[in-house]
Amino acid sequence: TASSDRYGDVVDQSSWLLDSFKKNGVILLNHRQDMLPIGRATKIEVVDGQLEVEVEFDLGDELCAEVARKVSKGFMSAVSVGFQPNKSIARAELPTDHPAYTKQAGMFFQQNELLEVSVVTIPANAEAVAKQITLEDLQLKRMINTMIKTELLSMPDEAVATLRHIISIEEAADSIIVTYAKAPSSEEEVEEEVE
């Protein structure tokens, strides 16, 4: 948000530069750029003066799945942005009628290039928190992936060889349907016409 953070800084929400981030929407843990991402941004935009991001956690990774669980259960609920400011000014130097003006210390950052979004334990901006998490969706996807892997490992090798990859996973009222692409047969079947 455009609220003053714990350092006295304000990040302008109307001038975000998001093009590069949309091409590489990495979600990190505590701004750790030396670690692999824990997820990716599936959507990012400024809505009602607030930067909003939708996150897809990498549930196939144990650490990422644990962070997703902690977020969904409310043990962690904060996010933070890593950005490159292109324009900054001390808040005390802003016009006195500017919403971010203050005599206190702090900077006003504009035209910021978003580099990454992190799930963090303590955010600089106290208003940067998760709005909506659906644990059931996270658990269902993880459960389906585990079941599929278990099922494939128990199948004979020749049966597994006929399955290329998963095309879709659909949830119906009373079932879950997993659709696989079928690998091409090595022997073509010839149908004989009956006269």
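Strand pairing and a buried aspartate

Author: In this predicted model, Val11 has Phe109 in β7 as its bridge partner.

Reader: What makes β1 and β7 a pair?

Author: Two strands pair if DSSP finds at least two bridges between them. β1 and β7 (residues 107-110) have 2 bridges, in the parallel sense.

Reader: Why are β1 and β6 called edge strands?

Author: The open sheet has 3 strands in the order β1-β7-β6, with mixed pairing. β1 (10-11) and β6 (87-90) each have a single partner strand, so one side of each lacks a neighbour in the sheet.

Reader: What follows β1, on the way to α1?

Author: A loop that holds Asp12; α1 spans 19-23.

Reader: Why is Asp12 said to have no salt bridge?

Author: The cut-off is 4 Å, from a side-chain nitrogen of Lys or Arg to a carboxyl oxygen. The nearest side chain of opposite charge, Lys87, is 8.7 Å away. So Asp12 has no salt bridge, yet Asp12 is buried.

Reader: How do you know that Asp12 and Ser15 make a polar contact?

Author: Their side chains are joined at 2.7 Å. The limit is 3.5 Å, so the distance qualifies. Leaving aside neighbours within four places in sequence, Asp12 also touches Phe108, Phe109, Gln110 and Asn112.

Reader: What makes β3 and β4 partners?

Author: 8 bridges join β3 to β4 (residues 50-57), and the two run antiparallel. At least two are needed, so they pair. Ile44 stands opposite Val53 in β4. The strands form a hairpin with 2 residues between them, and Asp48 in the turn has a positive phi of about 50°.

Note on methods:
Residues numbered from 1 in each chain as written. Predicted model: local features only at pLDDT ≥ 70, side-chain atom pairs only at ≥ 80, totals over all residues. Heavy atoms only, no water. Helix = DSSP H or I, 4+ residues; strand = E, 2+ residues; numbered from the N terminus. Buried < 20%, exposed > 50% of the residue type's maximum accessible area, 1.4 Å probe, protein only. Lys, Arg positive; Asp, Glu negative; His and termini not counted. Polar contact = N/O pair within 3.5 Å; in protein donor to acceptor, adjacent residues only side chain to side chain. Contact = heavy atoms within 4.5 Å.
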